[in-house]
Amino acid sequence: MAETVDARGLSCPQPVLDTMKTLSTTSETEVKVLVDTEASKENVSRAVQGKGWKVKEIREMGEEYHLILDKG
Amino acid sequence: MKNFFATRWGVIAVGAIIGILAAALQKLGNPGNMGICVACFERDIAGAVGMHRASVVQYMRPEIIGFVLGSLAAALVAKDFRPRAGSSPITRFVLGAFAMIGALVFLGCPWRAILRLAGGDLNAIFGILGLIAGVWIGTLFLKKGYDLGPAPKTYSSAGFILPGIMLFFLLLMLIYPQIPGVPKNGVLFYSVKGPGAMHAPVLISIIAGLVVGIIAQRSRFCTMGAFRDLILFRQTHLFGGVITLLLFAFLSNLVFGQFHVGFEGQPVAHTQAVWNFAGMVLAGLAFALAGGCPGRQLFMAGEGDGDAAVFVLGMIVGAAFSHNFGLASSPKGVGPHGIAAVFIGLAVCLTIGFTMRKRAK
């Protein structure tokens, strides 16, 4: 069961902030992040790399991006 | 389609290009250590339309227009044009006004702070330290849940409004061009002396502005974000661009003979270290609370961000207030009410930071 961070409509740095918060408190090994700008997609992808999480997949859903993050 | 400009090397390249272009614009006529200054230039635009009557700083700066239109063009081509608006606009307007007030106490936006340093103006060190301090205060609020709220998608035409205003300004400038020696031509004011009279040829300014608008939009270039991400996330991605901006502006200045190191006698600068620092603390805090440095706000406005557009207009109005009420500094030092304005601005920004939080702490 994956946890979801809904960062749609949020402006920088909120998507990264919310994602980081969830990654540090979650006990799940998979987290889904929803964003709706390319910049947020780039920012979140970049931010999680150094924190022990991997971007497993990025699904482009219309104007949204759904990032699937994997721990470790 | 991969976005090269948004990669680490892309941002680094963009910083270098901006640094070179800024030095070149200065060589071609823009004021000293002011090849590009978003705050000064928006203030000049406020003067051009008569919102203030400081006759030495009135000029419709095409660079600013190019930033917005270039960003718009890049966003449209890359399908990155996302009209959105509604994230506490009145707050952003006020943040823009105080960001400008703070910047005019220092006499520069973050880009100019870097360019001043690259030109040998050591007074800029205090400004940059102030900027970092202000951004740091902003990160404290961000960590405590400061959040102006989401910006819902809005109509496409709303996203075109600020670009439309900028295009209108450009048309005004082309229809009512400067007549040498004449301070007002039909509709627009044009300084006949002072920094407002120092400008590169219009065509070069507009092309340079468009180029910067395109590459800055694609790379998400943001000087405030550079320091913020370093402090908040220990990320150096945007900071790489700031470093190369400084380095390549410096190297270009050496080539162009524009490097003169020292504190005294620097162009459009004063030596009051405390207020250079404090003005930029205010500006840095306001930029952090608004989510972008003034350049970035212009590029976001070009992408269709209506809240960034409101911040830009707040900056222009703030510039008008600054020169109408003696808030802006001059090379002699702070203006008659500049110090009071800094304290008022800090109080307002701190109030915004403390009260606009989602999570009660």
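B:K358 is exposed, because there are 11 other C-beta atoms within 10 Å of its own, and a residue counts as exposed at 12 or fewer. The model in which this residue sits is predicted. If neighbours within four places in sequence are left aside, B:K358 is in contact with B:G145 and B:D147. B:G145 is 213 residues away along the chain, and yet the C-alpha atoms of B:K358 and B:G145 are separated by 5.6 Å.

B:Y190 gives a contrasting case. B:Y190 counts as buried because it has 25 C-beta neighbours inside 10 Å, where 20 or more are required. Its place is the loop between β2 (188-189) and α9 (202-219) of chain B. Not counting residues up to four places away in sequence, B:Y190 touches B:Q58, B:Y59, B:Q178, B:P183 and B:N185. One of these, B:Q58, lies 132 residues apart from B:Y190 along the chain, while the C-alpha atoms of the two are separated by 5.2 Å.

In soluble globular proteins, nonpolar side chains tend to be buried together. Here the largest nonpolar core has 141 residues, and the members that touch the most others are B:L95, B:A99, B:L104, B:L282 and B:A286. Helix α12 (residues 273-290) of chain B supplies the largest share of this core, 13 residues. The contacts of B:L104 can be followed one by one: beyond four places in sequence, B:L104 touches B:A39, B:R43, B:A319, B:S322, B:L327, B:A328 and B:S329.

Chain A contains an open sheet of 4 strands, in the order β1-β2-β4-β3, with mixed pairing. Its edge strands are β1 (3-6) and β3 of chain A, each of which pairs on one side only. From one strand to the next, the twist averages 20°. Helix α2 (residues 38-49) of chain A packs on the sheet and touches β2, β3 and β4 of chain A, and its direction makes about 5° with that of β4(A).

The sheet can be read strand by strand. β1(A) and β2(A) run parallel and are joined by 4 bridges; here A:T4 stands opposite A:K32 in β2(A). Strand β2 (residues 30-35) of chain A is in turn joined by 6 bridges to strand β4 (residues 64-71) of chain A, and these two run antiparallel. In this pair, A:V31 stands opposite A:L69 in β4(A). Strand β3 (residues 53-61) of chain A also runs antiparallel to β4(A), with 8 bridges between them, and A:R59 stands opposite A:H66 in β4(A). β3(A) and β4(A) form a hairpin with 2 residues between them, and A:G62 in the turn has a positive phi of about 70°.

The two chains also touch each other. In this interface, 17 residues of chain B are in contact with 14 residues of chain A. Helix α10 (residues 223-233) of chain B gives the most to the side of chain B that touches chain A, namely 4 residues. Sorted by class, that side of chain B has 7 nonpolar, 5 polar and 5 charged residues.

Last comes the predictor's confidence. The complex is given an ipTM of 0.94 and a pTM of 0.97 by the predictor. Chain B averages a pLDDT of 97, and 99% of the residues score at least 70.

Key: Residues numbered from 1 in each chain as written. Chains lettered and ligands numbered in written order. Predicted model: local features only at pLDDT ≥ 70, side-chain atom pairs only at ≥ 80, totals over all residues. Contact = placed C-beta atoms within 7 Å. Nonpolar A, V, L, I, M, F, W, Y, C, P; charged D, E, K, R; others polar. Core = buried A, V, L, I, M, F, W, Y, C linked by C-beta atoms within 7 Å. Pairing = 2+ DSSP bridges. Axes fitted to C-alpha atoms, helices over the stretch in contact; angles between N-to-C directions. pLDDT = per-residue confidence, 0-100.
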